[in-house]
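Reader: Could you walk me through how to read charges and contacts in a model like this one? I'd like the general idea each time, and then the case at hand.

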Amino acid sequence: RVSNRLIGSMLRRVIDDVRPFNRRSGRITTRGTARTTGDVYLQPVPSTADAAFDIRLIGTIRSPDMVSRQRNVVVRSTCVTQVDARKRVRVTNGGITFESATANCRSRLEIVDVDAPRRFVERLASRRANRQISQYEAETEGIARREISGQLDTEVDVPIKEANNVFNNHFRVPSIRFGAWPKQMDFYSRFDHVGANVHIAGTGRIGAPQPRLPDADEFDLGLLFHESFLDNYCAAMFAGRTIVDRQWANLVSIMTGREPRSLWVHDRTPSWSITFHELRPLEVDFDDDRFTISIRTQAATRGEELLDRPVLLAATYRVELGRDGAVLVREGDLTAQFDDGLDSASAEAAAASEGTSLEQEMLAMLAYKFNGVLQPEMHFDGLVPPAGGSLGRLREIEMQAFRAREGWLTLGFRLRGD
């Protein structure tokens, strides 16, 4: 759920643009300068079929020094045009689409002076010019509509297409390929916010058993997850997949902004990898304002050595909120144990089994490596939005709520200063 206030701040921009112009209409040539001032912002449009937005431009075009010439007759005038332009953008589970921009313009033209070589020609030209003011205003409105709508299309179409490519190439297509595409993904928009309801379930993957909690409705950005959402998505994406050492190092570096020593990849240490378990490869549990991450491996390698025995790696975290953002603090040590069975009795028996010396070495290696993945403290410095531009506005929000209870996780963010 994203509030209208946050949406508006993402794209809000003040325009103050001055451009000279020189145009010809029939035998009349007009030159001058046009100063456009106004605001560009994003406005949700109520819709139950998708999330719809209007990119709005509300402004004024002032031309205080227009000079029109036809042969020896010169007309000096001023013109003020009020502009209301918008471009409709829609978000659905198929991607991001847009419509051509439209603009409504109203012009008011005032003749300041008419100059001609002879007095009677000047009077005739003045009368004719005043009779044709409405025609000149209509022409000016048409020019403003075409230029403003064309400029809005030019500036917005490319970023929207790029965002749509990111959505499809990095989420939709991979999710469909691995069978992780949500069973239900409904976008909607209202005057005060936009939102999305996503439900992932399937054969052997049960969705949320109870209705969602209303916790996320009070924030500018509210994220509400049921543990089954992440469990089912990870089951589809990671089951049976092998992740090598460099991929783990890159993942942690992206999240935290640094690469811990235990994950360094170089010639002096053998390469390693893990293969996720076919069943429940990665699970989370939300309760008591804490969450537990459980990673189950089917196999692991270290150089030429193979551990062909399931392992459970788990850690429980609480979240501490401070001025510098959220910090994940691990409670206790990382759990690393053999997990030959998914039922509790088999798991306890597997944990009690010492295994061979090689298995113990490989288990210790995994515990060492994943202490760098599931660290005692995790600061997400690598996920800071870029400075400047629309995404830079995300730096102005701060986490104000972390709630984990009854299988639901709520993350709440508000704009700073509120």
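Reader: Let's start with arginine 302: is this residue buried or exposed?

Author: Arginine 302 counts as buried because its relative accessible area is 18%. Buried means under 20% relative accessible area, exposed means over 50%, and partly exposed lies in between (1.4 Å probe, protein chains only). Before we go on, please keep in mind that this is a predicted model, in which local features need pLDDT of at least 70, side-chain atom pairs count only at pLDDT 80 or more, and totals for chains, interfaces and linings use all residues. Residues are numbered from 1 along each chain as its sequence is written, and side-chain values use heavy atoms, with hydrogens and water left out.

Reader: Which residue forms a salt bridge with arginine 302?

Author: Here is the general idea: side chains of opposite charge can pair when their charged atoms come close. The rule for a salt bridge is a side-chain nitrogen of Lys or Arg within 4 Å of a carboxyl oxygen of Asp or Glu. In this case the partner is glutamate 305, with the closest N and O atoms 2.8 Å apart. Glutamate 305 is partly exposed, because its relative accessibility is 30%.

Reader: How many salt bridges does the rule give?

Author: The count comes to 27. One of them pairs glutamate 141 with arginine 106, where the closest N and O atoms are 3.9 Å apart. That pair links distant parts of the chain, 35 residues apart: glutamate 141 sits in helix H3 (residues 133-177) and arginine 106 in strand E7 (residues 102-115). Helices (H or I, at least four residues) and strands (E, at least two) are DSSP runs, numbered from the N terminus. Glutamate 141 is buried, at a relative accessible area of 15%, while arginine 106 is exposed, at 64% relative accessibility.

Reader: Which residues are linked in a network of salt bridges?

Author: The network joins Asp54, Arg56, Asp84, Arg86 and Arg88. Look at arginine 86 and aspartate 84: their closest N and O atoms are 3.6 Å apart. Arginine 86 is partly exposed, at 28% relative accessibility, and aspartate 84 is partly exposed too, with a relative accessible area of 24%.

Reader: And how should I read a charged patch?

Author: Patches are made of residues with over 30% relative accessible area and no salt bridge; like charges are joined within 9 Å, and nonpolar side chains (Val, Leu, Ile, Met, Phe, Trp, Tyr) within 5 Å. Here, a positive surface patch is formed by Arg27, Arg71, Arg119, Arg123, Arg127, Arg128 and Arg131. Arginine 27 lies in the loop between strand E2 (13-25) and strand E3 (28-45), and this residue is exposed, with a relative accessible area of 56%.

Reader: Which residues gather in a patch of negative charge?

Author: Those are Asp285, Asp287, Asp289 and Glu406, on the surface. You can find aspartate 289 in the loop between strand E13 (282-287) and strand E14 (290-302). At 41% relative accessibility, aspartate 289 counts as partly exposed.

Notes: Areas by Shrake-Rupley, 256 points an atom, 1.4 Å probe, with all protein chains shown as cover. Lys, Arg positive; Asp, Glu negative; His and termini not counted. Charge placed at Lys NZ, Arg CZ, Asp CG, Glu CD.
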